[in-house]
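The sequence and the structure are shown first.

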2 protein chains.
Amino acid sequence: MADTDPLVIFTPSGKRGRFERGTPILQAARALGVDLDSVCGGRGICSKCQVTPAYGEFPKHGVTVAADALSEWNPVEERYKSKRGLIEGRRLGCQAKVANDVVIDVPPESQVHKQVVRKRAEARDIVMSPSVRLYYVEVEEPDMHEPSGDLERLIAAIENQWEIKGVRSDFHVLKSLQPTLRKGAWKVTCAVHQGDESNPPRIMHLWPGYYDGSLYGLAVDLGSTTIAAHLCDLGTGEVVASSGIMNPQIRFGEDLMSRVSYSMMNAGGDAEMTQAVRDGMNALFEQVALEAHIDKALIVDAVFVMNPVMHHLFLGIDPFELGQAPFALATANSLALRASDLGLEIHPAARVYILPCIAGHVGADAAAVALSEAPNMSDDLVLIVDVGTNAEIQLGNRARVLACSSPTGPAFEGAQISSGQRAAPGAIERVTIDPVTKEPRFRVIGSDIWSDEAGFEEAIASTGITGICGSGIIEMVAEMRIAGIVDGPGLIGSPDQTGTDRCFADGRTHSYLVWDGSAEGGPKITVTNRDIREIQMAKAALYSGARLLMDKFGVDHVDRIVLAGAFGAHISPKHAMVLGMIPDCNLTSVTSAGNAAGTGARIALLNTRARGEIEAIVREIHKIETAIEPRFQEHFVNASNIPNAVEPFPILASVVTLPDLDFNASGDGGGRRRRRGR
Amino acid sequence: MADTDPLVIFTPSGKRGRFERGTPILQAARALGVDLDSVCGGRGICSKCQVTPAYGEFPKHGVTVAADALSEWNPVEERYKSKRGLIEGRRLGCQAKVANDVVIDVPPESQVHKQVVRKRAEARDIVMSPSVRLYYVEVEEPDMHEPSGDLERLIAAIENQWEIKGVRSDFHVLKSLQPTLRKGAWKVTCAVHQGDESNPPRIMHLWPGYYDGSLYGLAVDLGSTTIAAHLCDLGTGEVVASSGIMNPQIRFGEDLMSRVSYSMMNAGGDAEMTQAVRDGMNALFEQVALEAHIDKALIVDAVFVMNPVMHHLFLGIDPFELGQAPFALATANSLALRASDLGLEIHPAARVYILPCIAGHVGADAAAVALSEAPNMSDDLVLIVDVGTNAEIQLGNRARVLACSSPTGPAFEGAQISSGQRAAPGAIERVTIDPVTKEPRFRVIGSDIWSDEAGFEEAIASTGITGICGSGIIEMVAEMRIAGIVDGPGLIGSPDQTGTDRCFADGRTHSYLVWDGSAEGGPKITVTNRDIREIQMAKAALYSGARLLMDKFGVDHVDRIVLAGAFGAHISPKHAMVLGMIPDCNLTSVTSAGNAAGTGARIALLNTRARGEIEAIVREIHKIETAIEPRFQEHFVNASNIPNAVEPFPILASVVTLPDLDFNASGDGGGRRRRRGR
């Protein structure tokens, strides 16, 4: 490169260098280490290397770009444009050649390591770095004078044309290798798993000629109650479909401990449950692929997050040891497996990555939350609560992160509540109670109209009013407390005490009538004093876990609170604080992270470097076992009262209803609300 | 170590060093890098570290060893001796401690890398270095205050107690991990695959406590006609059982090309044949394990050698391309796979190693022959001929090695010969013909008595005389030539020309009557002129291949000839030379290597370093494709004559009848003769 050679400046990276006239832009980008994608290796086939030359004065860069800065539009570009279309002003980086000083913008979609922007301002963007990439190569034909295997020539082509070392092949590729090479006239597109510290890069699949499609990955959140799968395009990072099913293990027990018991009581019970969840998983994958109109065999990677019991059952390990002290995990570290090891029917060479578990009660789902919410990178002290059957709680900042699990039980999911139900159409999800009249008004899932507004009857005609879901019961109890229907210790007042006939004697205590649909053959929805007790127990457990971590951290106040979990997304922070679920905190500092575990899974799917990151984070997280901490019991005993301490509210924070996944994904699946608790 | 510390000298290594009094011998050995085995890590359990202290004057070593050179016999040794026995004079290296200057002999069975001595003087010994080793470890118990997975603590124990790095676990180990650790009270024996350049060490299996058994491996020679498996103890290197079955693919075609045709003509034909050979393999493994009275699940490694067509069919690759120029292999390199990838029912985490192929017609079996016979390390020029349906021929010395395959067809295996049959009881295998009377005398398989000796009739009563096997037909034709019954061009003379009525008109040519059993309802065994032609074709192909390599090497003479293959073991070198199968060579320099391919497989099984060695050798071997060499056709045309050039014989070499495997193995299976051609 002489000083008189044209200057090429790339944006947004700012990288610059002088190149001989006639150098293709793609080649210049590679020489400078500019992130410019290409699958065909500069043969004018794939169009992944599209760039936008900028013309005119660029005082900032100190150059003027003339109209003849690049070689003229060439026949390859012409053909490409006519066949597939090319955005105005775009050039193919492999065809356009340097002629004079030029400024070249690399649009996001032409970057391999493009950033996927997350909706929440405080959340980090994701840099794309998927485990599997496509490479188009031209392979030498066999020669009788120098015999060598087709595979060896294919590997040599990949290594030489793409500067990758030590490439191996998955066994099953051998079967299709010879016909595919010949069908493609010795030109093929290879899906290559990038490998990791203990695995070399590996050819997973071959297509004859240039493969013009995508590869897909699954981010799976395997909950005790539901399994949710997000199908992602491994090239763009988009969620192309999301789908969920009930965990088929529910028939063996609603909550985790009853499943552990089932395995203890029944020989082969764990194997039955393993089969059930794997079968369910395959049905779900079928469903999500169908939704996206793609072939399941294009799913080449999958990341799973789940609690420890689900972790073991999914892997085929008896969860026996997790049911008793010292709650020893069979393995805590992350796992990199073949999908076929788990009986998963996706691409036969697909890989599976399972995030590490933090402890016997704090699973890979909590690790995924840590990856998504990054408490270890927070300047202020953040409390992260993932509410489910167990609450996983993390507290920390850049200095350190503590974690524990607290046995909240299933009350927050509407179970063990007299009128409780899962979040489904017809369930009461939103409540206010007039402090004077003690009359409730509410909204049910499936309708945006409140019960005291016109059109409510019509709006709910198809579903009816069937019960109260988890977030509904929290609002209900909090509102009852605010309205003076329930006192601090948790007793529902008599009609005399409360001045409303909605309170009625019910055995030795009182209940509160929310809705009487019996005239139309519907249910009578009440809140009993026993319901209040269940919620008190659950919220005390949650609060105590958080307090325990605060004790260990040596603080009595947190800077902000993040509510994670699909359920967390629907909790009203105000009501959670009225109830005393979470420690006191400025309401504006209580946010929802949506399904943070699912987001963590997606991060690990799209960015393989994040896998090493979360493994390092988990090693640093300090685990607290609530079962052996006397302070936990102490907090628990003290936490059953319902404080009603935040009235009057400094700010009436609106209810948080973020969608499950917080990406600016174009697929509508990503933005769909999922209403069931995990 | 001070100068006054006692001196410890190990034999046979000669390694020496000074150690503080009280240092266990095992520890001293490890410090010096002496090869002293141990599975229990010095806990007095396994007795693998047995040593023999030597007492008295050792002028060569400059020491005098007093009776008190080692610590006294201790209770651990006492208990071990009473329970399991200990050879007189032996000590446990982990219990006996240095007290004064001492000379310690490490007997071969206490060496990890012991040498397995091969019977043939010219063959190298094998240094044991198997892929899987046993380690006994004590694992830390789980601690709720510092939660970690059982697997992570197990791996830490292996890494710390055995100084191995980067240990991983096979997925299926997870299932049994927790119960096994607890059953063994946190003491377990692990089978650990040692890994290789692209795979880390990997836990394959766990036993609670100390596992006092062996691990096994299979060396399998997958021939077109028969499959032979040798079951080896991976600790001692012994062959504990050998067994063979017919290749079940025979029903799809006797020879390789008819199987390739079957796959071309029948959709899914290759898959059928793959299934057939894998099923057969599993039946064979069942059989060989039963013979050795071991559990198949103790077989943790297997090495396979085979020709390219069998290679592809076994791997599930359509052999289509091998049936036509340019004879491209799907893959030529060695393969390291999981046994389960091939549907093999041995240990679920067992590994498989397949030797590299040399070219489209020269397979992994030829590579195994190269490993066993090491032409690349030969000072003199050696011609190695592996005779089967195809003959694989290698010619070389330290400077270079050439290889080719020659299409001999199945005549040498008794096929396409009018009275031909496979080598089985009743087949004529040895022949002489009186040059004067032209009367034949012969011996049949299953009897050691010649046909003109007393007791012959009784000896063959159970089998009868059923036909002529491959080695028999070679001797027969050669003897007919020597006796003047056949002329140089290959015509059988008339009764007038030969002076015997055994020659009789048979169509337009003559045949020779060997045996007439028709009076007793048996067959009439004759040699027709067409039989002579078949043998002429086969031997011309073999000879031409050898000559082609000699041309390429630029020589017209070889120093020695090695006949490999089970069939090669039964060929009489004299008759082979009379026939002109092999180039002229001093008869004393023609030897049989027995089943060299099987031996090569066993070397690769027992010594993982040999795998890298053969991969390097194969890269260096120069392949010649006979199909495109005009000189091959030329030689072939000139080679059909039967020379009879070696009469009178300088030395009447005795017929070579080495057993299949040439190891000093204690298992009787190793020494058993296998009579069928591969």
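## Basis of the description

The model is predicted: local features require pLDDT of at least 70, side-chain atom pairs count only at pLDDT 80 or more, and totals for chains, interfaces and linings use all residues. Residues are numbered from 1 along each chain as its sequence is written, chains are lettered from A and ligands numbered from 1 in the order in which they are written, and side-chain values use heavy atoms, with hydrogens and water left out.

Helices (H or I, at least four residues) and strands (E, at least two) are DSSP runs, numbered from the N terminus.

## Relation of the two chains

The same surface serves both copies, since 100% of the contact residues of chain A recur in chain B. Contact here means heavy atoms within 4.5 Å.

## The four-stranded sheet of chain A

In chain A, 4 strands form an open sheet with mixed pairing, in the order S10-S12-S13-S11. Two strands are said to pair if DSSP finds at least two bridges between them. S10 and S11 of chain A stand at the edges with a single partner strand each, so one side of each has no neighbour in the sheet. S10(A) and S12(A) pair in the antiparallel sense over 7 bridges, and A:Tyr136 stands opposite A:Thr189 in S12(A). Helix H3(A) packs on this sheet, touching S10, S11, S12 and S13 of chain A, and its direction makes about 105° with that of S10(A). Helix H4(A) also packs on the sheet, where it touches S11, S12 and S13 of chain A at about 35° to the direction of S13(A). For these angles, axes are lines fitted to C-alpha atoms, for helices over the stretch in contact, and values run from 0 to 180 degrees between N-to-C directions.

Helix H4 of chain A comprises residues 173–183, and its buried residues include A:Val173, A:Leu174, A:Leu177 and A:Leu181. Buried means under 20% relative accessible area, exposed over 50%, and partly exposed in between (1.4 Å probe, protein chains only). The buried residues of H4(A) pack against H3 (150–162), S11 (168–169), S12 (187–193) and S13 (202–208) of chain A, together with helix H7 (308–315) and strand S18 (335–338) of chain B. Just after H4(A), A:Ala185 takes a positive phi of about 50°.

## Aromatic pairs

Over all chains, 20 aromatic pairs are found. Rings of Phe, Tyr and Trp (its six-membered ring) pair if their centres lie within 6.5 Å; planes under 30 degrees apart count as stacked, over 60 as edge-to-face and the rest as tilted. A:Tyr135 and A:Trp162 form a tilted pair, 4.8 Å centre to centre with 55° between the planes. A:Tyr135 lies in S10 (residues 132–138) of chain A and A:Trp162 in H3 of chain A, so the pair ties together parts that are 27 residues apart in sequence. Both A:Tyr135 and A:Trp162 are buried.

A stacked pair is formed by A:Trp207 and A:Tyr211, at 4.0 Å centre to centre and 10° between the planes. A:Trp207 is buried at 14% relative accessibility, and A:Tyr211 is buried at 13%. A:Phe285, A:Phe304 and A:Phe314 form one aromatic cluster.

S21 (residues 391–396) and S22 of chain B pair in the antiparallel sense over 6 bridges, and B:Cys404 in S22(B) is the bridge partner of B:Ile393.

B:Thr408 is placed in the loop between S22 (401–406) and S23 (427–433) of chain B. B:Thr408 counts as buried, at 5% relative accessibility. Beyond its neighbours within four places in sequence, B:Thr408 has contacts that include B:Gly388, B:Asn390, B:Ala538 and B:Leu542.

## Cysteines

The structure holds 0 disulfides over all chains, a disulfide being a pair of cysteine sulfur atoms within 2.5 Å. The sulfur of A:Cys404 is 16 Å from the closest cysteine sulfur, in A:Cys357, which is too far for a bond. A:Cys404 is buried at 0% relative accessibility, and B:Cys232 is buried with a relative accessible area of 0%.
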